[in-house]
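Visitor: Hi, could you walk me through this one? I'd like the overall picture and then a closer look at one residue.
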Amino acid sequence: IVNDTFTAQQHPKHPTNMSISRAIVGCKRVIDYAVKIRVRPDKLGVVTDGVKHSMNPFDEIAVEEAIKLKEAGKVQEIVAVSCGPKECGETIKTALAMGADRGVHVLVEGPAYEGLQPLAVAKLFKEVVAAQEANLVLLGKQAIDDDGNQTAQMLAGLLDWPQGTFTSELELDADGKKFKVLREVDGGLETLNVTVPCVISADLRLNTPRYATLPNIMKAKKKKVDVITPEDLKVDITPRLEILSVEDPPVRQGGSFVENVDQLLDKLKNEAKVL
Amino acid sequence: MASRLWALTRPVRIYRKLQPVAKNYSNLASRPINMYSEDEIMMKELVARFSADVVAPNVKEMDRTSVMTEDVYRGLFENGIMSLEIPAEYSGVGGTFTSACLCIEEVAKVDPAVSAMVDVHNTVVNNTLSMWGSEELKERFLPSLATEYVGSFCLSEAGSGSDAFALKTTALPSTDGSHYILNGEKLWISNASQAGLFLVFANVDPSQGYKGITCFAVPRESEGLEVGPHEDKLGIRASSTCPVRFSDVKVPKENVLGDVGQGYKYAISILNEGRIGIGAQMVGLAEGCFESTMPYLFERKQFGQAIGNFQGMEMQYAEVAMEIESARLLVYNAARLKEAGLPFIKEAAMAKLKASRVAELTASKCIEWLGGVGFTKDYPAEKFYRDCKIGAIYEGTSNIQLITIAKNIKQNFQ
C-alpha cells in the first residue's frame with residue numbers, strides 16, 4: 001500500500017533561489033562501534049540480538065554536514081532516510097534530534113533485511129530521491145559493519161549524478177551551483193568541483209557531529225517520519241551476493257627475535273613468505 | 001509524644017494530591033522494571049555520550065582541585081541535562097522522573113561528583129519550585145535554572161541535620177507585612193559556589209515550632225547573603241559544599257513557596273523522592289566502578305592465567321553484579337511507583353539505603369580486585385571509594401532510612 005503522504009506534493013519545496021532545496025541524508029543503523037563483535041554460531045554473520053546499535057559514525061558526520069549547510073542558508077530542507085527494521089526509527093529520530101526536518105523510513109525486516117546489500121540500498125535511495133525531488137544526497141563514506149563503501153558511488157551511477165566521495169571539506173560556491181570538494185585519497189588530497197545535483201560521501205575529518213541536546217530530542221518527537229516499503233518504491237531488493245561464511249580473524253601469533261639480517265631475510269622468505 | 005524525628009518519617013498525605021497518576025498504569029504491570037520508553041533511552045544515551053566525551057577527561061583534575069570545570073558546567077546546561085523535568089514552556093526538557101534518574105545514573109558512572117550536582121539541581125531544587133512555587137515564581141526562575149545557573153536547597157544547619165526541623169534560621173515578617181527578614185547560617189549546602197538561586201527553609205515564628213517553617217526563594221544577589229568557602233571533602237570534591245550565611249536578608253512575601261508554615265511538609269516530600277535520585281547516583285557509581293575494573297581482571301595474569309578466571313574471583317564479582325542489579329531494580333521501581341502516583345516512601349528509602357551500601361561494597365571490592373594498582377590514584381577505583389561514602393549520609397542518613405522504613409512497616413501491625 002503506497003503511503004500517499006510520502007510523495008513530494010505533500011511536502012512542497014520552499015520558494016527559494018537557492019539551488020539546493022532538499023537534501024537527503026542516509027543514516028544506517030549499525031552495531032555500535034564500541035561493542036565487541038562476536039561471530040554467530042552458524043558462521044553466516046555476527047550476533048546482533050540484544051547488542052547495542054547506533055547510527056553509523058560516518059552517517060552522523062553526513063547529518064552534521066547537512067545541518068551546517070542548512071544553518072548557513074545553503075539548504076532548505078533536510079530529509080533523513082534509513083532502510084531497515086522498525087528499530088531504524090530510533091536512528092532517524094537521532095538525525096531529527098540533531099536537526100533534520102523530516103524522516104523517511106524504508107521498512108525492511110527479517111530475512112529481507114539480512115540480505116539487504118549496497119546495490120539494493122542505492123536503488124531504494126534513487127527512488128526516494130526522485131519522489132522527494134531532492135537535489136543533494138549526503139551519505140557516510142561506508143558503514144562500519146560491512147565496510148562496503150559502495151552505496152554513494154552506485155547511487156551516483158544510478159542517478160547519473162556527479163559524486164564527491166571521501167569528502168573531508170565541502171564548500172558550496174557563491175552561486176550555489178557547484179561544490180568544491182576536498183577528498184582524502186591514497187595519494188594525498190584531491191580537490192574537485194562537483195556540480196549540483198550530486199552525491200557526497202563524508203569522511204572522518206569533514207566535521208565533528210554535534211550532540212542531539214535533550215530539548216531537541218523531545219522536539220524531534222513532533223517531526224514527521226514517513227514509513228514506506230521497497231514494494232511501494234517498486235524496487236527489487238533481492239541480494240546479488242551470497243555470504244558463504246563469516247570467521248574470526250586468526251589469533252595473533254607472537255613475534256620472535258632474530259640474531260642478524262640473514263636470519264631476518266630467511267624468516268621473511270620462508271616463514272612469512274613475503275619475499 | 002510527637003518528636004520532630006517522628007514528623008520527618010510520618011508519610012505525608014498531602015503529597016499524593018500533587019502527583020498525576022500515570023496514564024499507562026495498566027501497561028506497566030507487564031513490563032520489566034528495566035524497560036524504558038524510547039525517549040528515556042535517547043536521553044540516557046545522550047547523557048552517556050556527554051559524560052564520556054566532556055566529563056571524563058576532566059574528572060581527575062576536578063577532584064584534585066575541588067572545582068568544577070567550566071566546560072562541564074556549561075555543557076550540562078547547553079545539553080539540557082540541568083532541566084530534565086522542567087516543562088518545555090519554561091525552557092526545559094519535559095522528561096519523566098525516571099528519565100532524570102537514568103541521566104543521573106549515567107553521569108555518576110563517569111563522575112559521581114558531577115552527578116551529585118545534577119541530582120540535587122533536578123530532583124530537589126527544580127522540583128520543589130515546580131511543585132510549590134507560584135506561577136510568577138516559576139516564570140521568573142525556572143528558565144534560568146533550566147539554562148543558566150544551578151540552584152541550592154538550604155535546609156541543614158550546624159545544629160540540625162537529621163533533626164532538620166530544629167533549624168534556627170529565622171524569617172521574621174516585616175512590620176508592614178510586605179517582606180521577611182532572614183537571619184541564620186546554613187551548612188553543607190550543595191552547589192552553593194555556583195548557585196544563582198537558593199531555596200531556604202526558615203522559621204517565620206519559632207514559637208510555633210516546626211509549624212513555622214517556610215520555604216523562600218532567595219536570589220544570590222540578595223543583600224546580606226554570603227556564601228562561605230567550600231568544604232575540603234573526602235569525596236565528590238568537584239561538587240561544591242559551602243556554608244551560606246543570611247544577615248538581615250530581605251525576601252519579598254511573593255518569594256514564599258506554597259503556604260507559610262508548610263515548609264516542613266515540602267521538605268519531607270521532596271526529600272522522600274529526591275533520595276530515589278541519590279539511589280540512581282549510587283547505582284551509577286557502582287556500575288561505573290565495576291565496569292572500569294572488570295577488564296583489568298582479564299588483563300592481569302597470575303599463576304598462569306587471567307585472575308578473572310579463578311573461581312574465587314568469579315564468585316566475588318558475581319555477588320557484586322547481583323547486588324548492583326538488586327539496587328538498580330529497587331531504585332527504578334521506586335521511580336515508577338512515584339510516577340504512577342502510588343505510595344513509594346518505603347521503597348524510596350529502601351532504594352537509597354541499598355544503593356549506597358552497594359556502592360560502598362562495589363568500590364571496596366574493586367580496589368581489592370585491582371590489588372596494588374587499585375590503591376593508587378592512577379586507577380579510578382579509589383575515587384569511587386571516596387565518593388561512595390556520601391551516599392550513606394546526605395538526603396537522609398542510612399539510620400534515618402531504616403527508621404523511615406520501620407515506621408512504614410509498623411503501621412500495618414499496630
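Guide: Happy to! This is a predicted model, and buried residues make up 44% of the 275 residues in chain A.

Visitor: What does the secondary structure of chain A come to?
Guide: Chain A has 8 helices and 11 strands.

Visitor: And roughly what box do the C-alpha atoms fill?
Guide: Along the principal axes, the box for the C-alpha atoms of chain A is roughly 75 × 45 × 40 Å.

Visitor: How much of the contacts comes from residues 24 or more positions apart?
Guide: Such pairs account for 70% of the chain A contacts that have a separation of 6 or more.

Visitor: Switching to the surface: what is the accessible area, and what share belongs to carbon and sulfur?
Guide: Chain A exposes about 14900 Å² of accessible surface, with 53% of that belonging to carbon and sulfur atoms.

Visitor: How far apart are the mean positions of the positive and negative charges?
Guide: They are 4 Å apart, taking the 35 positive and 40 negative charges of chain A.

Visitor: Now the close-up. Where is Asn56(A) found?
Guide: Asn56(A) is in the loop that links strand S3 (53-55) to helix H1 (57-71) of chain A.

Visitor: Is Asn56(A) buried or exposed, and why?
Guide: Asn56(A) counts as buried because its relative accessibility is 0%, and the cut-off for buried is under 20%.

Visitor: Which backbone oxygen does the side chain reach?
Guide: The Asn56(A) side chain reaches the backbone oxygen of Gln142(A), at 2.8 Å.

Visitor: Which residues does Asn56(A) touch, leaving out those up to four places away in sequence?
Guide: Besides Gln142(A), Asn56(A) touches Lys28(A), Val30(A), Ala143(A) and Ile144(A).

Definitions and conventions
Residues numbered from 1 in each chain as written. Chains lettered and ligands numbered in written order. Predicted model: local features only at pLDDT ≥ 70, side-chain atom pairs only at ≥ 80, totals over all residues. Heavy atoms only, no water. Helix = DSSP H or I, 4+ residues; strand = E, 2+ residues; numbered from the N terminus. Buried < 20%, exposed > 50% of the residue type's maximum accessible area, 1.4 Å probe, protein only. Contact = heavy atoms within 4.5 Å. Areas by Shrake-Rupley, 256 points an atom, 1.4 Å probe, with all protein chains shown as cover. Lys, Arg positive; Asp, Glu negative; His and termini not counted. Charge placed at Lys NZ, Arg CZ, Asp CG, Glu CD. Polar contact = N/O pair within 3.5 Å; in protein donor to acceptor, adjacent residues only side chain to side chain.
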